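These are my notes from going through the model.

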Amino acid sequence: MLVFAASDKGGTGRSVTGANLAYHHALDGANVCFLDFDFGSPTAATVFDLPDVRSVAEGIGLHAYLAGAVSEPLRVDVWSRTEHLDLRHQSAGSGRLVLVPGDRSGGEFVIGEEHLHRCVDLILRLNREFDVIVVDLSAGRSYAVELALAATSPRGGLAGLKQRWLVFHRWTRQHVSAAAELAFGPRGIVRAGADRGHDPDVLRAAIRFVRAAVPDLESPPWSHVTPSQYAWMRQCDRALETLASDQGVGKSRVLASIPLEPVLQWQERLITVEDVLVRRIAHQATLDALIGLVQRLTDDTLWGEW
């Protein structure tokens, strides 16, 4: 299964949530590969606590591969290379977890036929090894999004693979509207996909939304504000729900809501069971939301046409 992680803006939690999705999926026993297609800022190695990989990948990462400079991009086994203490010993029953990083200085580039062919070849090879391939795309209507749409079109070579599109956004008016525009706007994913031969109804049905940094108004510190502040926040929350529903990104199309998590505000990292139960630095609600995202991602009953 191909999982494309997209967002209209940076700072939506796309990369860190996508990395957590890959990690928890692997913990469940799936073989998972994470492709860092965030060409402008390929920082997934940092989230997986692989600090040396950013420099090691230079000249042999995804940028170099797509440009034809190398025949295969670098692959990194996260379990064996990570400096994250909780991941040092692979849990019994877990699957493979592999990162294919981008080159640190690669940057965005115009997509051509050669890039497309090399992208398709790589993903077809990976699909024979892995149950899930998470593709972290650059923000906005980027070249990475164009490449993903071209590769999965009827003419691209990946049309036969099951695909999911996750559009990430923060819980603000600006981000809700931007996410709706990226998915369904005149230059959005559905319209651009249709121009490349995608069935727009099928593509629309493959899109779900992930809300990030969502405040829980029933928990501290939000519940400890003044009555006037609490009433105002409640009003804002209701207005956001109405806006999201009106723009086609309401609750029925939301796959997960990730709470506002202090750990993720200070450090873009994987959230582990140890962070919650041993160190007590992360919230159980955050861990539950990430695990729930994994479960709903693979539940085919939730992915019918709307």
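This is a predicted model: local features need pLDDT of at least 70, side-chain atom pairs count only at pLDDT 80 or more; totals for chains, interfaces and linings use all residues.

I looked up Asp49 and placed it in the loop between α2 (44-47) and α3 (53-56); helices are DSSP runs of H or I with at least four residues, strands are runs of E with at least two, and both are numbered from the N terminus. Asp49 is not a glycine, yet its phi is positive, about 55°.

Residues are numbered from 1 along each chain as its sequence is written, and side-chain values use heavy atoms, without hydrogens and water.

I then checked Arg280, in the loop between α13 and α14. Arg280 also has a positive phi, about 60°, without being a glycine. With a relative accessible area of 67%, Arg280 is exposed.

Next I noted a cis peptide bond between Pro220 and Pro221, with omega at about 0°. Pro221 sits in the loop between β7 and α11 (227-246).

I traced the sheet. It is open and mixed, with eight strands in the order β3-β4-β2-β5-β1-β6-β7-β8 (two strands pair if DSSP finds at least two bridges between them). β3 (76-77) and β8 (254-259) are the edge strands, each pairing on one side only. Six bridges join β2 (residues 32-37) to β5 (residues 132-137), in the parallel sense. I found Ile133 of β5 as the bridge partner of Cys33.

Which strands does helix α14 lie across? I found that α14 (residues 284-297) lies across β1, β6, β7 and β8, at about 165° to β8. Contact here means heavy atoms within 4.5 Å; axes are lines fitted to C-alpha atoms, for helices over the stretch in contact, and angles run from 0 to 180 degrees between N-to-C directions. Helix α8 (residues 173-184) lies across β1 (2-7), β6 (163-170) and β7 (207-214), at about 155° to β6.

Within α14 I picked Thr286. Thr286 has a relative accessible area of 0% and is therefore buried. Leaving out residues up to four places away in sequence, Thr286 touches Ile258, Pro259, Glu261 and Ile271.

Last, I looked at Val273 in helix α13 (residues 273-277). Val273 is partly exposed because its relative accessibility is 41%.

Note on methods: Buried means under 20% relative accessible area, exposed over 50%, partly exposed in between (1.4 Å probe, protein chains only).
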